[in-house]
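This briefing concerns the structure shown below.

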Amino acid sequence: MKKTANIFSLAMAAVLILGLLAGCSGSPGQGAGTKENGAEEANGTKGSSNDKVTITYWRHDNESEVKALKQLIASFQQENPNITVKMEIIPYSDYETKIRTALAGGGAPDIMGVDGPFIASYAHQEAIVPLDEYFAEDGDFDDISKPVQQSLTYNGKVWAAPLNDASVAMFYNKKLFEEQGIPLPSQNPDEAWTWEQVLDAAKKINNPAKGVYGWDPAWGLGPGEGSAFVKMTYLWQAGADILSEDGKTAQGHLNAPEAKRALEFFNGLYNDSKVAAKELPPDAFESGKMGIMMNGPWHLPYLESHFPNFKDWAVAPLWKDKEQVTPMGSWNMAITKQSKHPKEAWKFVNWVTGKEGAKVWYKETKNLPARLSVADAFPELQEYPLNIWVKQSSTYARPRPVSPAYPAISKAITEMFDAIVLGNRNVDDALTTAVDKIDKAIANVK
């Protein structure tokens, strides 16, 4: 999960996913995989040892991840000379539209990249296939962290294999803290600051007249899955839920008193204490003009490469309220129902996301591992500052709602926060509207 749109989750065009995928739930159609020697393949099983198979894999663009995948494809094909992997890189802004169109038209790839919270939508419409039997055979599902397992599971089945996980922590400017005599936060992942502690520090640092901002609490405002990813965390930290345990309603959960507290606190950062700015200059933190923000481990190489002279940053666990909760979930690999070569597709998926492939993935991308064995394999992941994200992801992480209506849920959440902060909407009214939107979306799932 990354902050920028071309790295993080699916754009809100995904709200249309349910209707457009409905056409996929009938016959499998024609898969993208081909037999290069013309041999027939029945029921998705592999033919003779001389058969050559081509499988296709679609994913969005990301420079470091594509580089890692090319390396993994090369090693996989060397080990499996009868299987050719054709990877198609699609611009992030076009990715979801192209996938949905291909699924609806019967031209889907064998393997598709899918962001965690959208797995249930694809699974519900039978656009992808369950992977339980594959994992049981050689996928070592137990090696995947429990929160990630939850994000991959819908209706008791596992639908994708994780490339990595994602978590965010508190970045702060040591120099700005020390100038105001503010004690530095603990680096212990189990000792997060409370909302009130962070707010107190932000008030002391905040100086708009000098272009110094106290706190960016949630990657700014506006739509997008990145926005939903971090804003839902405030609801959970306050002790609220978004949906009932059975996922059938938001009524009585999203509009609970705990959710109201979270929204009132968040709104106050912008409209009462004004330690958060509704518009921020680019790289405010990196240029030394912001006291506190949140980000993931992927931000460390960004700081090193783009701001090598900025040495005042430090990392602490993400803030908490009633509960210590952090967001999680990132991109995965799923096998489409249209694939004619699911066994070969799994072989490649497992090559990339299995224990050894996941080590290569971490070394090349520095994304947070989803596998426990990979987190244990690299000493740096047990040391500050990376240990903070690792501990959070295994202990305090919570997946976004696993629901086929998730695209509508995500949109309703970001619209609710924006209506309150930017539109001066009454908190109770905004909560009621969000609950109504979400419950209608759930009811419309077929």
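Which residues line the largest cavity? The lining consists of Gly 116, Pro 117, Ile 119, Ala 120, Ser 151, Met 328, Gly 329, Pro 399, Arg 400, Pro 401 and Val 402.

The model is predicted: local features need pLDDT of at least 70, side-chain atom pairs count only at pLDDT 80 or more, and totals for chains, interfaces and linings use all residues. Residues are numbered from 1 along each chain as its sequence is written, and side-chain values use heavy atoms, with hydrogens and water left out.

**Cavities**

- The structure contains 4 cavities of 30 Å³ or more (a cavity is a set of points, on a 1 Å grid over the protein atoms alone, where a 1.4 Å probe fits but cannot get out; lining residues have an atom within 4 Å of a point).
- About 70 Å³ is the volume of the largest cavity, where a volume is the space filled by probe spheres set on grid points joined across faces, edges and corners.
- By residue class, the lining of the largest cavity comprises 7 nonpolar, 3 polar and 1 charged (Ala, Val, Leu, Ile, Met, Phe, Trp, Tyr, Cys and Pro count as nonpolar, Asp, Glu, Lys and Arg as charged, and the others, Gly among them, as polar).

**Nonpolar cores**

- The largest nonpolar core has 122 residues, and those with the most contacts inside it are Trp 215, Leu 235, Leu 254, Ile 292, Trp 319, Phe 348 and Met 416 (a nonpolar core is a set of buried Ala, Val, Leu, Ile, Met, Phe, Trp, Tyr and Cys residues joined through side-chain atoms within 4.5 Å; buried means under 20% relative accessible area, exposed over 50% and partly exposed in between, with a 1.4 Å probe and protein chains only).
- Another core, of 24 residues, lies apart from the largest one, and Met 293, Leu 300, Val 315 and Leu 368 are among its members.
- Neighbours within four places in sequence aside, Met 416 is in contact (heavy atoms within 4.5 Å) with Leu 254, Leu 263, Ala 430, Leu 431 and Ala 434.

**Salt bridges**

- The count of salt bridges is 17 (each is a side-chain nitrogen of Lys or Arg within 4 Å of a carboxyl oxygen of Asp or Glu).
- Lys 355 and Asp 140 form a salt bridge at 2.9 Å, N to O. Lys 355 lies in helix 13 (residues 355-365) and Asp 140 in the loop between helix 5 (132-139) and helix 6 (146-152), so the pair ties together parts 215 residues apart in sequence (helices, H or I with at least four residues, and strands, E with at least two, are DSSP runs numbered from the N terminus).
- Lys 391 and Asp 190 form a salt bridge whose closest N and O atoms are 2.9 Å apart. This pair links helix 15 (residues 386-395), which holds Lys 391, with the loop between helix 7 (174-179) and helix 8 (195-205), which holds Asp 190.
- In the salt bridge of Asp 321 with Arg 261, the closest N and O atoms are 2.5 Å apart. Asp 321 is buried, at 16% relative accessible area, whereas Arg 261 is partly exposed at 34%.
- Glu 196 joins Arg 261 and Asp 321 in a network of salt bridges.

**Lys 157**

- Lys 157 is located in strand 6 (residues 157-158) and is partly exposed, with a relative accessible area of 41%.
- Beyond residues up to four places away in sequence, Lys 157 touches Pro 130, Asp 132 and Leu 152.

Note on methods. 1 Å grid on protein atoms, 1.4 Å probe; cavity = no way out; pocket = protein on both sides within 12 Å on 5 of 7 lines; lining within 4 Å.
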